[in-house]
Amino acid sequence: MLIPAILPAHLPAPGLEGFNVGLFHPFSEADQFLAIAAIGLFYGQQRRAAVARSWWAFPAGVGMGTLACLSLGRPDGTSLLLFVLALLAGCLVALAPPRLPAAGIAGLGLLVGVGAGLAAAPDPGPVQDTAVTAAGAVVGVNAIALYGFGAASWACDKTRWPWLAIGVRVVGSWIIAIAFLMIALTLKP
Amino acid sequence: MPTHRTFAAAWALAVVSLAASQALAHTGAAAGGVGGFVSGFEHPIFGWDHVVAMVAVGLWGAFLGAPAIWLLPIVFPVVMAFGGALGIAGVPIPAVETGIATSSIVLGLMIALAARAPLWVAAIIVGIFAIFHGHAHGAELPEAAHPVAYSIGFVLATGLLHLCGIALGLLVGRPGGTLAIRTGGAAIALVGCGFLFGYF
């Protein structure tokens, strides 16, 4: 992601190459990666009971966003939307408010999922290639979220070092900073 | 016992930090433009005026203890981004370099004098100086070949410098650690004076 290269990001490709293109696309786009990583970290900070009631929202949103993009096209401003959602999720990660309601967690997860699905889905092309690339994208998006969830969950619950949970909040502040800068750059006249 | 080795490492780092030659941070477009992640990562690292201030934030936070030890490294990048946004938007902030140099002086003195400011005061002081640092980074961002990677680079570098300061600040629990930290703070303030008066 940090090494600039030419990416055939949105073009569907045949076969396994297409799946790989879709899979790695969210890893290589900062707007998607930030928002998805932030929501994963956010989920990882939450209580298990709340996560059990709200975990479905993000993958459901990814599916909805992907289908919407494939059917109706990608709306303008998707990247800006994702940076705004990354900023919001980053704020929640940094602040780590206790005992959030499951409905609120699900709502944010759904929003980020829809945005990620819209951004990660491939452009229209041959049906089979598009389907394979889209499948890879869905897997990639959910993989990032799972990594973030796992890292935050481990840091907050599974270790005896409380400073790791603080480290998650610091990472949240970094996400805020990067997202804020990207929003400013996007809106720069 | 690791105490003496810890001291040696801390003093070595202090000496290295003080052996700054030229602040190369803000070469920007005049030196051929800025690039991506590496360029952004290097921007605070090779700008000693940034380095000493970032380490001082972590050091002061560790010295103040919880919750400042994590709150200050959270406040700084967030407010820094706001300053960066001002730089991106072309909003002029007067005397940015003076503000950056002054941040080292003030934060260094806070540490040297063992100033135990209330949390909100510490956050405001850190936040004010974060705007100057952010503006300096942000002003170069639109010229970057890869602004996203550049942003990630300098935000990460800033956070890691804070961690260095926190790690050094944990010496406060060691014998002689408080003296070492306060001496480090004085050194940071002196370096800031050097930048302010043009010796570096």
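Mentor: Chain B reads α-α-α-α-α-α-α-α from its N terminus. That is eight helices and zero strands. Both are DSSP runs numbered from the N terminus: helices are H or I with at least four residues, strands are E with at least two. The model is predicted, with local features needing pLDDT of at least 70 and side-chain atom pairs pLDDT 80 or more, while totals for chains, interfaces and linings use all residues. Residues are numbered from 1 along each chain as its sequence is written, chains are lettered from A and ligands numbered from 1 in the order written, and side-chain values use heavy atoms, without hydrogens or water.

Of the 200 residues in chain B, 52% are buried. Buried means under 20% relative accessible area, exposed over 50%, and partly exposed in between, with a 1.4 Å probe and protein chains only. Take the contacts in chain B between residues at least 6 apart in sequence: 83% of them join residues at least 24 apart. A contact is a pair of heavy atoms within 4.5 Å.

Now the helix pair. α2 (residues 37-45) and α7 (residues 147-169) of chain B pack at about 35°, and their axes are 6 Å apart. Axes are lines fitted to C-alpha atoms, for helices over the stretch in contact, and angles run from 0 to 180 degrees between N-to-C directions. The crossing of α2(B) over α7(B) is right-handed. Right-handed means the near helix is turned clockwise from the far one by less than a right angle, left-handed anticlockwise. On the α2(B) side, the residues that meet α7(B) include B:F37, B:F41 and B:I45. Their α7(B) counterparts include B:Y150, B:G153, B:F154 and B:L161.

Next, the core. The largest nonpolar core has 100 residues, and A:F58, A:L181, B:W60, B:L72 and B:V155 touch the most other members. Such a core is a set of buried Ala, Val, Leu, Ile, Met, Phe, Trp, Tyr and Cys residues joined through side-chain atoms within 4.5 Å. Helix α8 (residues 162-187) of chain A gives the largest share of this core, 14 residues. Look at B:L72. Beyond its neighbours within four places in sequence, B:L72 contacts B:V57, B:W60, B:G61, B:L64, B:A122, B:A123 and B:V126.

Apart from residues within four places in sequence, A:G136 is in contact with A:F19, A:G22 and A:L23.

Then the charges. One salt bridge is counted over all chains. The rule asks for a side-chain nitrogen of Lys or Arg within 4 Å of a carboxyl oxygen of Asp or Glu. A:R74 pairs with A:D123, with the closest N and O atoms 3.2 Å apart. A:R74 sits in the loop between α4 and α5 of chain A, and A:D123 in the loop between α6 and α7, so the pair ties together parts 49 residues apart in sequence. A:R74 is partly exposed at 26%. A:D123 is partly exposed, also at 26%.

Last, confidence. Chain A has a mean pLDDT of 89, with 95% of its residues at 70 or more. pLDDT is the predictor's confidence in each residue, from 0 to 100. Residues 1-7 of chain A fall below 50, and this stretch has 11 contacts beyond near neighbours in sequence. Where pLDDT is low, the predicted coordinates should not be read in detail.
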